[in-house]
Amino acid sequence: RLHRLRLLQMRALLAPPQGVVPTPINTRMSAKYHHRPAAGPKLHGLKLPNILLANVNRVTNKFDELETVIRMESIGLACITESWLDDSISSDFSHINGYVCFRHDRQDGRQGGGVMCFVRDDIPCVHLEQLESPNNESLWLLFRGTRMPRSVSHLALGVIYHPPKAD
């Protein structure tokens with residue numbers, strides 16, 4: 001009984017607020033999955049880009065592999081944490097044809113950290129620098145998809161890295 005009660009409490013905590021309909025970020029099913037997703041609400045033509053989130057732990061030695069994944073999977077937004085980039089590495093290094101690169105490098109002199117985001121150039125996007133601070137490793141973008149419902153005209157995307165020993 002106690003187990004069932006806790007299960008019901010967890011479901012109540014994880015349930016979306018009343019009137020909010022959860023929508024998937026990526027509606028494509030990979031061929032490796034053999035089950036069908038549960039029938040959900042109609043999306044009425046809502047088209048969201050494929051989003052990749054990866055902690056790469058130093059992008060300099062993995063850049064070719066990252067670019068290949070972004071292209072092969074038709075990624076619209078690639079959010080990267082622990083880029084390990086700093087001012088000594090030019091923006092030319094992190095250039096991918098057909099993508100705009102936004103980056104926020106760690107600025108306190110310590111090695112590691114940093115975030116970056118590659119946005120396909122056909123996705124309208126604005127960098128929200130006013131939300132960023134040199135004290136934290138975050139990058140904020142505001143984008144508007146090509147077919148968004150009236151109730152959701154823009155989406156804000158935050159790429160945040162919280163180091164393990166940070167306060």
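A: Helices here are DSSP runs of H or I with at least four residues, strands are runs of E with at least two, and both are numbered from the N terminus. The protein chain has two helices and seven strands. This is a predicted model, where local features need pLDDT of at least 70, side-chain atom pairs count only at pLDDT 80 or more, and totals for chains, interfaces and linings use all residues. Residues are numbered from 1 along each chain as its sequence is written, and side-chain values use heavy atoms, with hydrogens and water left out.

Q: What pattern do they follow along the sequence?
A: Reading along the protein chain gives α-β-α-β-β-β-β-β-β.

Q: And how much of the chain is buried?
A: Buried residues are 29% of the 167 in the protein chain. Buried means under 20% relative accessible area, exposed means over 50%, and partly exposed is in between, with a 1.4 Å probe and protein chains only.

Q: OK, helix α2. Which of its residues are buried?
A: In α2 (residues 63–72), those are F63, L66 and I70. They sit on the same side of α2, because they cover an arc of only 60° around the axis. That arc is taken from the directions from the helix axis to the C-beta atoms.

Q: Why would residues a few places apart point the same way?
A: An α-helix has 3.6 residues a turn, so residues three or four places apart do that.

Q: What's on the face turned away, and what covers the buried residues?
A: The face turned away from the buried side carries the exposed residues D64, E65 and M72. The cover over the buried residues of α2 includes β1 (51–55), β2 (77–81), β3 and β4. Just after α2, S74 takes a positive phi of about 50°.

Q: Which residues have the most contacts inside the largest nonpolar core?
A: V59, L66, I70 and F118, in a core of 14 residues. α2, β2 and β4 each give two or more residues to this core, and α2 gives the most, with three. A nonpolar core is a set of buried Ala, Val, Leu, Ile, Met, Phe, Trp, Tyr and Cys residues joined through side-chain atoms within 4.5 Å.

Q: What does F118 touch?
A: Not counting residues up to four places away in sequence, its partners include F63, L66, I70, L77, I80 and I96. Contact means heavy atoms within 4.5 Å. Apart from that core lies another, of 13 residues, among them L77, C117, L139 and L141.

Q: Switching topic: what's the strand order in the open sheet of three strands?
A: The order is β5-β6-β7, with antiparallel pairing. β5 (125–127) and β7 (155–161) are at the edges with a single partner strand each, so one side of each has no neighbour in the sheet. Two strands pair if DSSP finds at least two bridges between them.

Q: How many bridges join β6 to β7?
A: Seven, with β6 being residues 137–143. F143 stands opposite L155 in β7.

Q: Last one, R106. Buried or exposed?
A: R106 counts as buried because its relative accessibility is 12%. R106 is in the loop between β3 (99–104) and β4 (115–120).

Q: What does its side chain reach?
A: The R106 side chain reaches the backbone oxygen of Q111 at 2.9 Å. There's also a polar contact of 2.9 Å between the side chains of R106 and E137. A polar contact is a pair of N or O atoms within 3.5 Å; within protein, one must be able to donate a hydrogen and the other to accept it, and residues adjacent in sequence count only if both atoms are side-chain atoms.
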